[in-house]
Amino acid sequence: MKNGKLTVAIVGMGFGSCFLPIYLKHPDVEHVIMVDTNPDQLKALADMYLLDESYYTTDFESVLQNPDVDAVHLVIPPALHAPMSVQLEVCYDNGIAADQY
């Protein structure tokens, strides 16, 4: 947490794109990182909201390893929820990002 504000990663930018403007305007959020497997969708959203490349990635693992990420919002299909939640839990249990998740 930087200056008392959060860095939030939104994973899944289909329905997750609905949350982007909320986080961008939230007074307690410093930075938002969009995560999706579709780079064209990420670029289009970044262009729409005038965001640079620091606001998006296709690499979920990089989010797990990023010490600046304070919260991860999984907005993904139900079939992917369990495996990605387990990845987050493993990171927490291994102390990789214990203060983040």
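The following dialogue examines a predicted model through questions and answers.

Visitor: Which conventions apply to this predicted model?
Guide: Residues are numbered from 1 along each chain as its sequence is written, and side-chain values use heavy atoms, with hydrogens and water left out. Because the model is predicted, local features need pLDDT of at least 70 and side-chain atom pairs count only at pLDDT 80 or more, while totals for chains, interfaces and linings use all residues.

Visitor: What pattern does the protein chain follow along the sequence?
Guide: Helices (H or I, at least four residues) and strands (E, at least two) are DSSP runs, numbered from the N terminus. The protein chain contains four helices and four strands. Read along the sequence, the pattern is β-α-β-α-β-α-β-α.

Visitor: In what order do the four strands lie in the open sheet?
Guide: Two strands pair if DSSP finds at least two bridges between them. β1 and β4 run parallel and are joined by four bridges, with Val-8 opposite Ala-71 of β4. The pairing in the open sheet is parallel, and the order is β3-β2-β1-β4. The edge strands, each pairing on one side only, are therefore β3 and β4.

Visitor: Which residues touch the most other members of the largest nonpolar core?
Guide: A nonpolar core is a set of buried Ala, Val, Leu, Ile, Met, Phe, Trp, Tyr and Cys residues joined through side-chain atoms within 4.5 Å; buried means under 20% relative accessible area, exposed over 50%, and partly exposed in between (1.4 Å probe, protein chains only). The largest such core has 15 residues, and β1 (6-11), α1 (20-25), β2 (29-35) and α2 (39-48) each supply at least two of its residues. Those touching the most other members are Ile-10, Met-13, Leu-20, Tyr-23, Val-32, Met-34 and Leu-51.

Visitor: How many residues make up the second, separate core?
Guide: This core includes Ile-33, Val-35, Leu-74 and Met-84. Its count of residues is 12.

Visitor: Is Val-11 buried or exposed, and at what relative accessible area?
Guide: Val-11 is found in strand β1. Leaving aside neighbours within four places in sequence, Val-11 is in contact (heavy atoms within 4.5 Å) with residues including Val-35, Phe-60, Leu-74 and Met-84. Leu-74 is 63 residues away in sequence, yet its C-alpha lies 4.9 Å from that of Val-11. Val-11 is buried, at a relative accessible area of 3%.

Visitor: Why do the buried residues of α2 lie on the same side of the helix?
Guide: The buried residues are Leu-42, Leu-45 and Ala-46, and they pack against α1, β2 and β3 (56-57). On the other side of α2, Asp-40 and Met-48 are exposed. An α-helix has 3.6 residues a turn, so residues three or four places apart point the same way.

Visitor: What is the geometry of the pair formed by the rings of Phe-15 and Phe-19?
Guide: Rings of Phe, Tyr and Trp (its six-membered ring) pair if their centres lie within 6.5 Å; planes under 30 degrees apart count as stacked, over 60 as edge-to-face and the rest as tilted. Phe-15 is exposed at 56% relative accessibility, whereas Phe-19 is partly exposed at 25%. Their ring centres are 5.4 Å apart and their planes stand at 85 degrees, so the pair is edge-to-face.
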